[in-house]
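The following note sets out several points for a reader who is new to protein structures. Please keep the structure in view while reading each point.

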Amino acid sequence: MSDPTRIKELIVTPIAFRDPPLLNSNGVHEPLALRIILQLVLEDGTVGLGESPGGVARLERLEAAAKVVAGMDVFDTTAVGAAIDAALLPTVPSSHERGWTTSAVEVACLDAQGKLLGRPVSDLLGGTVRDSVPFAAYLFYKWAEHPALDGRAAVGDDWGAALDPAGIVEQARLMQERYGFRSFKLKGGVFPPDEEIAAIKALAEAFPGQPLRLDPNTAWTVETSRYVARELDGVLEYLEDPTKGIEGMAAVAKDAPMPLGTNMCVIAWEHLRPAIEQNAIQVLLTDHHYWGGLRRTRELAAVCEAFGLALSMHSNSHLGISLAAMTHVAAAIPNLDHSCDTHYPWNSADDVVLPGVLEFRDGEVKVPTGPGLGVELDHEALDRLHRLYLDSGVRSRDDTGYMRRFQPDYELRLPRW
Ligand SMILES: O=C([O-])[C@@H](O)[C@@H](O)[C@H](O)[C@@H](O)C(=O)[O-]
Ligand SMILES: [Mg+2]
């Protein structure tokens, strides 16, 4: 007789979905973003879902993982992670890079476990400390549309352009109107710092008392970061990745009046010790997609608690399986100090999960209570988005290359200011 908890196969499906022209320190988002959807099928037919960022390298690694996990027990998540890690080690030396693969598979295992037990994933993480999870509105400078290109017509959206403080305030109002967000993060590193300072000050005036953050993704030197930090004294809850590296952040942190946060210079376990020793950061934006999965994220939260680091959560362009996973783990972390980031409002029109479970009310998502992640795969949407992936020919994210199609002299320079 076959063992119902044994993994029969891991189905790995790359997809593409629509993304607006969001600007950042690397360029601009392309019309299509990439993700990879996992279906972990057990011998008894139970299916666990996972979602990973896309790209050729990540796809190949997940395909390699699929070969290793077949036949393993779905409750042996430590062994499953170790087997994948060992298989990737010879070709992927970075533990951070291997973490992207093990994390996505761990989420699929937990979803399957929850379905077998009839319990939500948050129960497998120790239970919830909150029924719903607060998220921040993720504001981006953006063009009104993807310009016409290579015979393709321009592609607009219902957000409009945001290229100055008034545009950012308008976008924030729309975010609040549509989703009820009560805190705001601005993706910076796009315009000269004084313009971004003005945008944050305009938000502070329009939304008094509501928490604000700014993240230029290391677009500034240490000196510029210090200047911006002084200018925004009393206005930001934290300043995220103003400059590059643990040493650079430590130099800024010495006299910044607000906490510094990161999802760039502390992205693996070995970065924690030097960052803490140098007091380089005061807020860690965790991300289960690369910290080893949901259980490791829970452990990371305990490390942060021990060393007095506040905890927030990072996001990238993502769909509903990731949002469900983020919500479950955030609900199980007592010391979540800030609302989580999410790109979901920019991408939810193309989701691969059936509607009805993941909704933003007053800026919060209720923790799904159904078995596993509590979301159901929309097979028709998955097929359609996989076809879009195949037909589009887009195989990796290239914000800089896409920007150059419109501004041939655009240079990727970090720091830029
Ligand atoms: O979507 C973007 O352009 C963001 O800049 C994303 O790539 C970052 O990973 C992220 O949101 C961040 O907080 O750094
Ligand atoms: Mg960031």
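1. Surroundings of ligand 1. The model discussed here is predicted. Ligand 1 is surrounded by 15 residues, and the closest of them are Asn24, His29, Tyr138, Asn217 and His343. By class, the shell around ligand 1 consists of two nonpolar, eight polar and five charged residues.

2. Polar contacts of ligand 1. Oxygen atoms of the ligand take part in several polar contacts. One oxygen atom lies 2.7 Å from a polar atom in the side chain of Asn24. For Arg397, an N or O atom of the side chain is 3.2 Å from an oxygen atom of the ligand.

3. Cover and position of ligand 1. On its own, ligand 1 has 350 Å² of accessible area, and the protein covers 92% of this area. Where does ligand 1 sit? Its place is in the largest pocket. Two elements give two or more residues to the shell around ligand 1, namely strand E7 (137-140) and strand E10 (184-187).

4. The magnesium ion. Which residues coordinate the magnesium ion (ligand 2)? The donors come from Asp215 (OD), Glu240 (OE) and Asn263 (OD1), at 2.0 to 2.1 Å. Along the sequence, these donor residues follow the spacing D-x24-E-x22-N. Asp215 belongs to strand E11 (residues 212-215) and Glu240 to strand E12 (residues 238-240), so this pair ties together parts that are 25 residues apart in sequence.

5. Backbone features worth checking. Most residues other than glycine have a negative phi, and most peptide bonds are trans. Two places in the model may be read with this in mind. Thr218 has a positive phi, near 65°, although this residue is not glycine. Thr218 is located in the loop between E11 and helix H7 (222-231). The peptide bond that joins Leu414 and Pro415 is cis, with omega at about 0°. Pro415 is placed in the segment after helix H14 (399-406).

6. The backbone at Thr218, with its positive phi, and the cis bond between Leu414 and Pro415 may then be examined in turn.

Technical notes
Residues are numbered from 1 along each chain as its sequence is written. Chains are lettered from A and ligands numbered from 1 in the order in which they are written. This is a predicted model: local features need pLDDT of at least 70, side-chain atom pairs count only at pLDDT 80 or more; totals for chains, interfaces and linings use all residues. Side-chain values use heavy atoms; hydrogens and water are left out. A residue is near a molecule or strand if one of its heavy atoms lies within 4 Å of it. A polar contact is a pair of N or O atoms within 3.5 Å; within protein, one must be able to donate a hydrogen and the other to accept it, and residues adjacent in sequence count only if both atoms are side-chain atoms. Accessible areas come from the Shrake-Rupley method with a 1.4 Å probe; for residues, only the protein chains shown count as cover. On a 1 Å grid over the protein atoms alone, a cavity is a set of points where a 1.4 Å probe fits but cannot get out, and a pocket is an open set with protein on both sides within 12 Å along at least five of seven lines; lining residues have an atom within 4 Å of a point. A molecule sits in a cavity or pocket if more than half of its atoms lie within 2 Å of its grid points. Helices (H or I, at least four residues) and strands (E, at least two) are DSSP runs, numbered from the N terminus. Ala, Val, Leu, Ile, Met, Phe, Trp, Tyr, Cys and Pro count as nonpolar, Asp, Glu, Lys and Arg as charged, and the others, Gly among them, as polar. Donors are N, O and S atoms within 2.8 Å of the metal (3.2 Å for Na, K and Ca); water is not among the atoms, so sites may look incomplete.
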